[in-house]
Amino acid sequence: MMNAADLVSEALAGSVRALAKLITMVENEMPGAVEALQQLYPRTGQAYVVGITGPPGSGKSTLTDKITKELRKKKFTVGIVAVDPTSPFTGGALLGDRLRMQDIASDEGVFVRSMATRGMLGGLSKATADTIKILDACGKDFILIETVGVGQDEVDIVRTADTTLLISVPGLGDEIQALKAGIMEIGDIFVVNKADREGADRLAMELNLMLGLNQAAGPWKPPVLKTIATMGEGISDLSEKIFEHRKFLKEGNGLLSKRNLRAREEIINLIEEEISKYIHKMLKYDITFDEVIEQVVARKKDPYSYARKVTEPFAKYYQIYKMDKARS
Ligand SMILES: Nc1nc2c(ncn2[C@@H]2O[C@H](COP(=O)(O)OP(=O)(O)OP(=O)(O)O)[C@@H](O)[C@H]2O)c(=O)[nH]1
Ligand SMILES: [Mg+2]
């Protein structure tokens, strides 16, 4: 097997195979993954990340394909990450994606990667974020992430995007209700796809109305656009809006503050992960731990005091209690 440093230099030199292997390495948390990310990190931060999220079958892949073509016209290179967290056996869905993305997949300025939860050790959002970093370091100008907008995992994934497209389609029934459930806030651009279907105008109007009522709205007013992805209709307007939002973020403080927030969360997550790894190892090698468990079950010890005791050295080292006291 190739070592991380070689893979990194080959991927940076433009090898698609090395790039794909690096992603697999990071996705599966294989040995060398962290070293690879460490090496790549200084080269990241250049790519612009667009999240494309919406209900199953709303046309995300078709839109991704069409947006990619617009970006290619402008000579931008594109990385695509299609996340499919819903099904553990993604054969069908991914095959569908591949078919829909056939001609862009043979374009060497485009790299397409599908990701599924299957076999994933860490969180899906972490794997996606790391994949974005690899594509970014390897020079992709734009990175598009397609994800089904359903659960927390997807919301987390989309939060790594600079611009998020929220896709909805007419005729699903309670579209607006579905959007209200916490996901509305993450949309920078609202897309009513399948506008060839009945009810598109009404849905767009309802979305506009809801967005207008949003009290927490900032200086960016999320536009509502209608598209027919299959026909390529509305795609150039949509691309323009993406560029407009990018300009808005870059000119204001938006991009920096988004990225600051993201870095803060990432650092905290990594620290938590490291500490938790140590604790698991420590307990694994602690021959008295089984005894402690028995005592807890027999109610001779309580689990709270034990947890406190185990973490005491850490708290002491960082003088946590003292700081707590000083603040109160
Ligand atoms: N009528 C119509 N059909 C569309 C439009 N956009 C996409 N479709 C069709 O809708 C179906 C689903 O499109 P996809 O692009 O695979 O949708 P998706 O959101 O990526 O689907 P999943 O990844 O499976 O959640 C396909 O049969 C598309 O051809 C549109 O604007 N109008
Ligand atoms: Mg899809």
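## Around the ligand

By class, the shell around ligand 1 splits into five nonpolar, eight polar and four charged residues. Here Ala, Val, Leu, Ile, Met, Phe, Trp, Tyr, Cys and Pro count as nonpolar, Asp, Glu, Lys and Arg as charged, and the others, Gly among them, as polar. The shell has 17 residues, and Gly59, Lys60, Ser61, Thr62 and Ala229 come nearest; being near takes a C-beta atom, placed from the backbone, within 6 Å of the molecule. Helices H4 (60–73) and H5 (91–100) each put at least two residues into this shell.

## Ground rules

This is a predicted model, where local features need pLDDT of at least 70 and side-chain atom pairs count only at pLDDT 80 or more, while totals for chains, interfaces and linings use all residues. Residues are numbered from 1 along each chain as its sequence is written, with chains lettered from A and ligands numbered from 1 in the order in which they are written.

## The chain overall

The protein chain comes to 15 helices and seven strands; these are DSSP runs, helices being H or I with at least four residues and strands E with at least two, numbered from the N terminus. Of its 328 residues, 34% are buried, meaning 20 or more other C-beta atoms, placed from the backbone, lie within 10 Å of a residue's own. Among contacts (C-beta atoms, placed from the backbone, within 7 Å) with a separation of 6 or more, 74% link residues 24 or more positions apart.

In soluble globular proteins, nonpolar side chains tend to be buried together.

## Strand S2

S2 (residues 78–84) has seven of its seven residues buried. One side carries Val78, Ile80, Ala82 and Asp84, the other Gly79, Val81 and Val83.

S2 runs parallel to S3 (residues 110–116), joined by seven bridges, and pairing needs at least two bridges found by DSSP. Ile80 sits opposite Val112 in S3. S2 also runs parallel to S4 (residues 142–148), through six bridges, and there Val83 has Thr147 as its bridge partner.

Methods:
Buried ≥ 20, exposed ≤ 12 C-beta atoms within 10 Å, placed from the backbone. Contact = placed C-beta atoms within 7 Å.
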